[in-house]
Amino acid sequence: MQHKSKLLNVGTTIFTVMSTLANTHNAINLSQGFPNYPSDQKLTDLVSNAMNSGFNQYAPMAGNLNLRLAISNKYQLLYNSSYHPEKEITVTAGATQAIYCIISAFVKQTDEVIIFKPAYDCYQPAVEVNGGKAIPIQLSAPDYKVNWEEVATKVTSNTKMIMINSPHNPSGTIWSKEDMLQLQKLTEDTDIIVLSDEVYEHIVFDSNQHQSACLFNDLKQRSFITASFGKTFHNTGWKIGYTCGPEALMEEFRKVHQFNVFSVHHPSQKGIADYMQDANTYLGLNDFFQHKRDLFLSLISDSKFKIKPSQGTYFQVLEYSEITNEYDVDFAKRLTTDFGIASIPLSVFNENNQDDKVLRFCFAKTDKTLVKAAEILNKI
């Protein structure tokens with residue numbers, strides 16, 4: 001039997017490649033973005049309590065109502081912005097499923113979707129498998145700033161969606177208020193949908209403020225926001241996220257969501273809803289991760305890597321041009337096999353595999369792990 005692949009150029013993800021290599025060589029794994037410490041025992045107990053209390057059948061398709069209320073209250077508290085818990089919030093199987101279903105609900109043949117690169121690797125395949133065309137805009141190290149004049153030239157009558165991500169994975173940069181205002185101006189009086197990936201919204205450093213799409217009135221009316229409890233509460237394996245958006249758009253999203261997963265793990269939803277009654281469960285993340293970022297950077301300050309401190313996320317990009325001229329994928333693999341530390345090369349997220357000689361390291365690790373990792377990096 002013969003068939004033509006809908007995703008001809010998609011192979012094994014770099015995350016799988018590097019983690020497999022790390023496991024094979026018993027390397028410190030700073031590649032994939034997951035913590036190597038447990039989530040709060042209180043949260044785990046609340047999920048267990050939910051199981052023991054009978055929350056073991058299907059949740060409502062849109063999600064446990066108490067969780068949607070907790071999410072709504074969070075947006076009111078943080079951004080003074082309201083989302084109706086019954087009509088404008090849907091709980092998903094992580095942010096990736098939310099992103100896929102948003103694209104599936106709206107993107108069709110001949111539609112164009114603007115994507116800023118380096119981009120998380122689920123974006124473009126989701127566009128292409130639904131028949132759309134990804135329109136890349138390449139950002140450059142070390143600042144990864146958006147040239148809005150260039151963006152304007154990419155908008156056409158076929159532009160259906162613009163995908164943004166701040167705080168940005170993999171670069172660790174954040175969008176400014178001016179960036180968001182430029183995006184709002186560019187899309188006003190159009191039918192363009194904005195998909196704002198905000199999974200690291202609670203991890204912003206140096207007293208900066210996260211510029212959520214919901215803070216800008218016109219932008220909010222055309223935007224989906226996607227978020228991840230896995231990133232927020234240190235349990236990526238639970239795969240619980242959500243999306244917020246205006247009612248008319250959310251109605252279309254749910255048409256796809258209900259036939260994709262319908263609903264997600266009910267005990268986790270109930271446990272997270274109870275956990276979020278204390279806002280400090282997410283308000284303290286900036287300080288928690290800033291400690292880890294600052295520790296990691298202080299430990300490698302004498303290394304040969306060039307350092308521009310991460311502005312957000314739990315990733316730090318390091319430039320290595322003074323060490324070697326190797327292609328970043330090759331260097332990342334050699335660091336894993338020869339030195340025992342795994343990272344992610346950024347070229348795999350760039351258009352035409354643009355190589356800026358930078359690697360991404362995850363610092364969502366125990367302090368002990370970061371100390372060991374720094375000892376290796378300082379020897380390179």
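Predicted model: local features only at pLDDT ≥ 70, side-chain atom pairs only at ≥ 80, totals over all residues.
The axes of α4 and α10, the latter spanning residues 247-260, come within 8 Å and cross at roughly 115 degrees. Angles of 65 to 115 degrees count as roughly perpendicular, and α4 and α10 are therefore roughly perpendicular to each other.

On the α4 side, the contact is made by Gln97, Ala98, Tyr100, Cys101, Ile102, Ser104, Ala105 and Phe106. Helix α10 brings Leu249, Glu252, Phe253, Val256, His257 and Asn260 to the contact. Sorted by class, the residues of this contact comprise nine nonpolar, four polar and one charged.

The lining of the second largest pocket divides into 10 nonpolar, 10 polar and five charged residues.

The largest pocket, for its part, has a volume of about 710 Å³. Its lining is made of 24 residues, of which Asn9, Val10, Asp121, Pro125 and Val348 are the closest to the centre. Here the elements that give two or more residues are strand β3 (112-117) and helix α5 (123-129). The most comes from α5, which supplies four residues to the lining of the largest pocket. By class, that lining has 12 nonpolar, eight polar and four charged residues.

Empty space can also be looked for inside the protein. Rolling a probe the size of a water molecule over the atoms shows where such space is left. The structure holds three cavities of 30 Å³ or more, and the largest cavity has a volume of about 80 Å³. Around the largest cavity lie Leu139, Asp143, Tyr144, Lys145, Val146, His168, Thr173, Ile174, Trp175 and Asp179, which line it. Five of these lining residues are nonpolar, two are polar and three are charged.

Notes: Residues numbered from 1 in each chain as written. Heavy atoms only, no water. 1 Å grid on protein atoms, 1.4 Å probe; cavity = no way out; pocket = protein on both sides within 12 Å on 5 of 7 lines; lining within 4 Å. Points joined across faces, edges and corners; volume = space filled by probe spheres on them. Nonpolar A, V, L, I, M, F, W, Y, C, P; charged D, E, K, R; others polar. Axes fitted to C-alpha atoms, helices over the stretch in contact; angles between N-to-C directions. Parallel < 35°, antiparallel > 145°, perpendicular 65-115°, else oblique. Contact = heavy atoms within 4.5 Å.
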